[in-house]
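Student: I have a structure open and would like to learn how to read a few of its features. Where should I start?

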Amino acid sequence: MTEVLGGVDDNDVRLRDALTGGCEEALAEVYDTHSPTVFGLALRLTGDRGAAEDIAQEVFVELWMRPERYDPRRTRLRSWLCMITRRRAIDWLRRRRTQEHYAPVLAEPAAAAGIEDDVLTASLAAQVRTAVDELPSQHRQAILLAYYQGLTYQQVARALNIPEGTAKSRLRSGLRRLADALAAAGFDDLAVAKHTD
Amino acid sequence: MTNDPHPEDLLGAYAVDACAATEVATVAEHTADCPQCAAEGTRLAEAAHWLGVLTARRPPAALRTRVLEAARAARPAREPEVGRLLDPYARQVAAFDRLLAGLEPGQWRLATAKYDNVGELVTHLTASDGLVADDLGVPARSTSEPQVRRRWRAQADALLREVASGGPRLLERQVRLVGKAPMRRPLREALVQRTFETWIHADDLRTSLRLPTEPPRPDQLAGIAGFALALLPGAIDAAGRGRAGQVRLVLTGPGGTEHLVELSALGPAAPGLPTHLPDHGPTESPRGAKEGAASEASGPALAERVPVGRAVGDSGPPEGAVAEVVVPLVRFCRLLAGRVSVLESGAEIRGDAGAATDFLEVAATLGCD
């Protein structure tokens with residue numbers, strides 16, 4: 001298997017084990033740490049506060065119900081929560097899109113709001129923002145469309161009027177550049193890959 | 001390594017769930033066998049999900065209560081009493097898993113304690129845990145898992161989950177213990193045994209890896225000793241060595257307690273119950289300071305320094321007991337596991353040496369191998 005890059009986060013392991021053992025304080029701790037990210041991402045994807053609250057609830061309850069699905073050896077908890085949040089939000093969007101005509105809007109994400117007092121998240125966000133801003137604009141556009149609008153690479157290709165192969169390669173090269181930039185900025189989960197079998 | 005071509009062009013889209021379903025299946029199948037593509041996929045996804053912090057926004061305050069209530073309704077939080085029994089076991093499971101996760105392939109072949117290799121040790125522990133898991137009706141999902149470590153861990157996690165959700169009444173459910181004679185005892189005792197066995201095997205592995213041993217917290221060691229002492233009079237009878245009378249057992253070092261233990265289950269007093277804490281406080285005790293957990297790494301060599309089975313002083317047996325046995329708590333627990341012999345335990349004996357020896361020799365058979 002592939003271990004999470006840069007080693008396993010002991011705190012994520014502790015939380016996952018405590019959740020498995022039914023420790024409610026651990027869920028409260030995960031919520032307090034990660035709910036701005038989960039709620040904000042759901043809100044960005046759906047544009048609907050009610051839906052974002054519902055999705056945040058589903059995400060944390062799912063973690064509580066089945067903590068063993070989260071493997072701290074494979075990914076960081078924050079990253080895993082973002083993945084689940086996006087999947088839920090994209091499901092919500094797809095249900096909506098079958099009812100309404102939907103045109104993807106190419107928009108930069110609004111700056112994080114209301115988390116100024118969350119020093120850690122605010123400082124991480126500033127570093128990620130810098131890394132994203134430094135991406136070539138073609139790569140940035142493709143990534144932001146896929147990530148925040150939940151588009152497939154085929155939809156990204158149509159939105160940007162580029163061949164599908166180009167969309168795939170911009171996603172890959174753009175994410176590689178982003179990973180390299182964040183690793184250079186000291187994000188240890190993106191340090192050089194380590195393989196184990 | 002897979003023979004399929006590497007689906008490198010899809011890895012970026014795959015990392016952000018932007019592939020078609022058939023492509024997702026292709027990449028997932030490939031990365032299961034290709035560490036190189038798996039590592040890249042993981043790295044790209046980790047990078048992508050940092051985008052999630054850019055849009056962080058504090059949720060309405062009421063959402064916190066709503067989420068915690070919905071969680072509680074979906075899966076009950078454990079009761080504090082359950083947590084007290086579960087946490088020591090969970091801690092040993094996590095510690096053993098961390099050791100296993102760090103093994104190089106060659107280290108899996110190390111002979112460990114009484115097992116030819118680490119895989120056999122883990123398989124043995126899985127079978128022991130399985131007695132309790134089966135009796136609780138924990139689904140045996142893990143049997144299809146080919147990897148011994150994951151099979152053990154999945155079952156341990158399922159067991160932890162089941163107990164956590166069960167509430168205090170579940171702790172009284174009769175389940176099978178591991179041991180020479182088949183025995184059913186309440187789950188609360190079986191959890192102490194699971195903590196005990198998991199710790200002992202983790203220390204077995206540490207010893208094979210030439211790492212220092214790591215005993216559980218003193219209060220948890222005391223729980224292990226109390227669990228075993230309750231079984232001991234019956235075990236002494238089963239070994240054909242039962243007799244009237246009691247042994248006063250003084251367990252020294254942090255967590256140390258005194259016990260009056262019947263030498264037969266037919267004896268009048270309730271066995272295994274601490275009579276009182278030692279007069280010398282556990283941490284201030286000179287014996288505790290000298291022979292407590294801190295000196296445990298010296299292991300068997302200690303037998304050379306402390307005369308074994310030594311009659312201490314000329315005084316007769318202590319009041320109310322035919323013999324007195326004084327031994328550090330952590331070493332008594334290792335004796336119970338069969339990891340140190342009576343000789344190596346450094347136990348000091350006063351009074352009836354034969355009774356004390358029977359007591360210790362039968363205690364040394366209460367392990368889980």
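**Reading burial and helix packing**

Tutor: Start with one residue: Thr85(A) lies in helix α4 of chain A, which spans residues 77–97. Keep in mind that this is a predicted model.

Student: Is Thr85(A) buried or exposed, and why?

Tutor: Buried means under 20% relative accessible area. Thr85(A) has 0% relative accessibility, so Thr85(A) counts as buried.

Student: Which residues does Thr85(A) touch, leaving out those up to four places away in sequence?

Tutor: With those left out, Thr85(A) touches Val38(A), Leu41(A), Ala42(A), Ile55(A) and Val59(A). Also, Thr85(A) and Glu58(A) are 27 residues apart along the chain, and their C-alpha atoms are separated by 8.6 Å.

Student: Can we try a residue in chain B?

Tutor: Take Gln193(B), which is found in helix α8 (residues 187–208) of chain B. Its relative accessible area is 2%, so Gln193(B) is buried. Not counting residues up to four places away in sequence, Gln193(B) touches Leu177(B), Val178(B), Phe227(B) and Cys368(B).

Student: At what angle do helix α9 and helix α12 of chain B pack?

Tutor: Helix α9 (residues 218–238) and helix α12 (residues 329–336) of chain B pack at an angle of about 45 degrees, and their axes are 10 Å apart. Because of that angle, α9(B) is oblique to α12(B). The crossing of α9(B) and α12(B) is left-handed.

Student: Which residues make the contact?

Tutor: From α9(B), they include Pro218(B), Leu221(B) and Ile224(B); from α12(B), they include Leu329(B), Phe332(B) and Leu336(B). The residues of this contact of α9(B) with α12(B) divide into 12 nonpolar, no polar and no charged.

Technical notes: Residues are numbered from 1 along each chain as its sequence is written. Chains are lettered from A and ligands numbered from 1 in the order in which they are written. This is a predicted model: local features need pLDDT of at least 70, side-chain atom pairs count only at pLDDT 80 or more; totals for chains, interfaces and linings use all residues. Side-chain values use heavy atoms; hydrogens and water are left out. Axes are lines fitted to C-alpha atoms, for helices over the stretch in contact, and angles run from 0 to 180 degrees between N-to-C directions. Helices (H or I, at least four residues) and strands (E, at least two) are DSSP runs, numbered from the N terminus. Angles under 35 degrees count as roughly parallel, over 145 as roughly antiparallel, 65 to 115 as roughly perpendicular and the rest as oblique. A crossing is left-handed if the near helix is turned anticlockwise from the far one by less than a right angle, and right-handed if clockwise. Contact means heavy atoms within 4.5 Å. Ala, Val, Leu, Ile, Met, Phe, Trp, Tyr, Cys and Pro count as nonpolar, Asp, Glu, Lys and Arg as charged, and the others, Gly among them, as polar. Buried means under 20% relative accessible area, exposed over 50%, partly exposed in between (1.4 Å probe, protein chains only).
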